[in-house]
Amino acid sequence: MPLTQVREITPAARLENVRYAIRDLACVADEAAKQGHKILPLNIGDPLNFDFQTPAHMIEAVHKAMRDGKNGYSPSSGIKEALEAIRGEAGRKGITTIQDVFVTSGVSETVDICLAALLNPGDNLLTPCPDYPLYSAVLAKLGIGLNTYYLNEDDGWQPDLGDIERKITSRTRGIVLINPNNPTGAVCTSAMLEQIAELARRYNLVIFSDEIYDKLIIDEDPHIAVAAVAPDVPVVTFGGLSKNYLAPGWRVGWGIASGEASVIGAYLEGVNKLLRARICANHPEQYAIKAALEGPQGHLVEVRRKLRSRRDLTVQWCRETARVSCVAPRGAFYAYPSIDIPEPDEVFVTELIRQKHVMVVHGSGFGQRIGTQHFRIVFLPDEKTLAAAYSAIGEFLRERYA
Ligand code: PLP
């Protein structure tokens, strides 16, 4: 017998605020699955769960890199050919004042490093509400309180400029834009980007522009990068292979830093310090970056065709269903309908899994204006699967809220 007994190890108090609703529902689904039910997962934005495949030439590029012995560490900011390809891509996006590019293990790591390199205790960063919960999780990890600005449902989920300006304090260091947006599917207008850039100039903010879905614009109009609209403003544009290039499991993301060298240079030294401290991103997978960005883009035509048809089906269902209404998504593969129900949306979502075995994510998991309720749908499944899911949700709404 040891002389002293071991005691419980408690996690850091700052983790209290770390929530990731998209995966936190998994235990409710596991319970239903154990009872023999097949769960329809409309909760995770992974195209590979459905009828989408990573382009073969990208797989071949990684395979070749592994066979060629590229299995050691890479330079901290990424391999040369990938960095050149990302600079080329930045140019095609209209970004002219590139100061640095770097490769990370998914955009998740780009966010982690870029935020950690900027924020001191007491600083704050404006993040959208609703938001993709990675941002609030990283801020919680850094011990930085939330300062959220609203996206305006009545304005097609565009950022609420008045709210942004009201929330800026002397300690606000930057603003996060998610464009195209997760969870709303909205795409920022160029007028909106110009106005946000003007606020960034006036208040000396860094813009973090998460453009991981920039090639998944469903309608015709092209995506506009804020860094192209505002070449003088310090911007870090995030991109990666997870969504546009259908390889989320490879964990490949990148950052493109732009603006004036004299303004952003010192900050980028901080970013590079952190890039070196974590050694490097996944090495063989970096060989897919040039293949993806400079190789055939044919898969995107097919992806957008599928997304358009599935988005239209989703919007149609929302229009026809009592208690549900939705701003039509214009990019990515998410819809964020509002629901008029007499109980919290978390209860709605949990009971929907238990009773109909359809998994969506509650709006309170992303944040929403007080007094409103929503849920997020991932409309990646094929039309037949989506129609079955919507029929089950409709039935649930009628039965529960008659
Ligand atoms: N940013 C947004 C807006 C996302 O929706 C996601 C994933 O769903 C990520 C970042 C994470 O991307 P990655 O797979 O490159 O880490």
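I looked up F366 first: F366 is buried, at a relative accessible area of 3% (buried means under 20% relative accessible area, with a 1.4 Å probe and protein chains only). Y336 is buried too, at 1%. This is a predicted model, where local features need pLDDT of at least 70, side-chain atom pairs count only at pLDDT 80 or more, and totals for chains, interfaces and linings use all residues. Residues are numbered from 1 along each chain as its sequence is written, and side-chain values use heavy atoms, with hydrogens and water left out.

Next, aromatic pairs. I took rings of Phe, Tyr and Trp (its six-membered ring) as paired if their centres lie within 6.5 Å; planes under 30 degrees apart count as stacked, over 60 as edge-to-face and the rest as tilted. The count comes to 10 aromatic pairs. The rings of F208 and F238 have centres 6.0 Å apart and planes at 20°, so this pair is stacked. Both F208 and F238 are buried. For Y336 and F366 I noted centres 5.8 Å apart and planes at 90°, so the pair is edge-to-face. I also noted a cluster: ring pairs link F348, F375, F396 and Y401.

Then charges over rings. My rule was NZ of Lys or CZ of Arg within 6 Å of the ring centre and within 35 degrees of the ring normal. The charged end of K306 sits over the ring of F52, 4.9 Å from its centre. R369 lies over the face of Y150, 4.3 Å from the ring centre.

Note on methods: Buried < 20%, exposed > 50% of the residue type's maximum accessible area, 1.4 Å probe, protein only.
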